[in-house]
Amino acid sequence: MNGLLLLAIAAALLLTAYLVYGRYLVKTWGIDPKAKTPAYEKEDGVDYVPSNKWEVFGHQFSSIAGAGPVLAMVFGWLPAFLWVMVGGIFFGAVQDFGALYASVKSHGKSMGQIIETYIGKTGRKLFFLFCWLFTLLVIAAFADMVAGSLNGYNATGAQSLPSGAASSITILYVFVAIAFGFFLKKTGLSGWKQAVLGIALIVAMLALGIAFPVYFTKQTWVYLVFVYIFFASVTPIWVLKQPRDYLTTFLFIGMIVAAVVGVFVSNPTITSPAFTGFKSATGSYIFPTLFVTVACGAVSGFHSLVSSETSSKQIRNESDMLQVGYGSMLLESLLAVLVIVVVGSLTSLASKGVLNETLSSMAFADTATPFIKFSVGVTGLISQFGFPQEWGLCIMTMFVSALALTSLDAVARIGRLSFQELFEVNEEAETNSVIAFLTNKYVATLITLAGGYLLSLGGYLNIWPLFGSANQLLAAMVLVSLSVFLKVTGRKGYMLYVPMVMMLVVTMTSLGMSVYNICLKLFVTGGFVFMTDGLQLFFAVLLMALGLMIFIGSGKKLVQPVEKAKLQEQEQNA
């Protein structure tokens, strides 16, 4: 298969989806460009901050971007591509846009608060508990991944220039983003001038980082990452998170454009098999593995938390929601297809001399991770324009770590908010000292990060299987909750029914298989390890129970007559 043709097909389908299906959703659900958004209603300079659509788009896209399709290509590139297209257009983008839409239309309420309004207080508590536990898994997995990618020393103990340069750039990004945020706040700079300044800062940071690398061990980076996400969670969003996401988006888009142009110039052939069978060499089955593994490029429950917990509080006009919610997901789907093309074409690129001997040895090593393969492929494509491959590796290492870090700082903030909302009481109720202590943003953040750190001690490989299943179960719960919201508020929600049922079946099957395999180790084959298998078993059973309770509660409201559902809503709000 020609890689350029596949990329062109994907771009055409995604653009058509945005112009046709995205606008259809807007027309079906309805928006009011003159309405006062929650960012203005509750403006506090911390979480509720009216922002232009490109800043919010940058925050949304950089928070959700990932490279999941690589892992699913064990079944061939065709199943991964088809799921990215179908899942991205009809599942993921609809969920992301729906969560953003529901939150903005509900005065900035998070998904848990929306569930309380339309489903009940018990549903809200269960949802926030699920979300908080889910964020612990994400923090644990992504913190370990970031620290590993920025580890300045290789297996032999020698310094690694790509990691050292990426470390330097990462540190610069934090302080430059803070300065950039204060500068924008002070001057009000926007539009093309803001973009030009942002691009100039990125180029300067990349040059300085490559020229002056820093070398820290993985454990040092673990500590630094947790310090960083603590401040990213508690500081006003315009100080660090928003400007960093804005700058990072240019890095992401620049990488995507460079890779697309590189694909156009090299015109690679996807040499990996289109379809390898319904069972992989490792023994996993295409159902449910494919639909759990390819999350960020197709549908991901985590995206809905970004939409409803952070992005909805920055939207300054309802007309911006289509671009932020639906558009950012389609761009993520395009990135997923680019990943498929690059990784699937590595053999072709090597045969054409696009990859030098060093890059080829890295790409085809037995220990090469999916992220290394993607980084090597893009480095080879960029080098066609005369860019030194050593520099390319440094930048791509930074890019890979940034993919995880931008999601990590977003989920740390979401974890803090979920923990606070779990213990919040009604405005009429008296808040006691314990509740006041637990809902303090610093305390809530420390408790959340402590839980994530303890889980991270087992390494991301032990956390990742649970994360994938929990992530897609969250998507199923959000889709059914959005269906209830749309029904009770008199809007059509039939476009969510197939996605929510499919994701529930997928995730329950995946979690059930995980529980079965762990129980086999415990009672039959042996090899059960309490700190890894025991932890996974506990979380898997707990997540299944919480997910089913939330889904059943939401499902009951979904099948009720609209009049009865509205009456119950009025009674709950009374």
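Which residue lies over the face of Trp238, and at what distance from the ring centre?

**View 1. Lys185 and the ring of Trp238.** Lys185 lies over the Trp238 face, 5.0 Å from the ring centre. A charge sits over a ring if NZ of Lys or CZ of Arg is within 6 Å of the ring centre and within 35 degrees of the ring normal. The model is predicted: local features need pLDDT of at least 70, side-chain atom pairs count only at pLDDT 80 or more, and totals for chains, interfaces and linings use all residues. Residues are numbered from 1 along each chain as its sequence is written, and side-chain values use heavy atoms, without hydrogens or water.

**View 2. Helix H1 against helix H11.** H1 (residues 3-29) and H11 (residues 241-266) pack at about 135°, axes 8 Å apart. Helices are DSSP runs (H or I, at least four residues), numbered from the N terminus. Gly3, Leu4 and Leu7 of H1 meet Val260, Val263 and Phe264 of H11 (contact: heavy atoms within 4.5 Å). Five of the contact residues are nonpolar, one is polar and none is charged.

**View 3. The Phe226 and Tyr453 pair.** This pair is edge-to-face, 5.6 Å centre to centre, with 85° between the planes. Rings of Phe, Tyr and Trp (its six-membered ring) pair if their centres lie within 6.5 Å; planes over 60 degrees apart count as edge-to-face. Phe226 lies in helix H10 and Tyr453 in helix H20, so the pair ties together parts 227 residues apart in sequence. Phe226 is buried at 11% relative accessibility (buried: under 20% relative accessible area, 1.4 Å probe, protein chains only).

**View 4. A ring cluster.** Ring pairs link Trp54, Phe57, Phe61, Phe252, Phe374 and Phe399. The whole structure holds 25 aromatic pairs.

Conventions:
Axes are lines fitted to C-alpha atoms, for helices over the stretch in contact, and angles run from 0 to 180 degrees between N-to-C directions. Helices (H or I, at least four residues) and strands (E, at least two) are DSSP runs, numbered from the N terminus. Ala, Val, Leu, Ile, Met, Phe, Trp, Tyr, Cys and Pro count as nonpolar, Asp, Glu, Lys and Arg as charged, and the others, Gly among them, as polar. Rings of Phe, Tyr and Trp (its six-membered ring) pair if their centres lie within 6.5 Å; planes under 30 degrees apart count as stacked, over 60 as edge-to-face and the rest as tilted. Buried means under 20% relative accessible area, exposed over 50%, partly exposed in between (1.4 Å probe, protein chains only).
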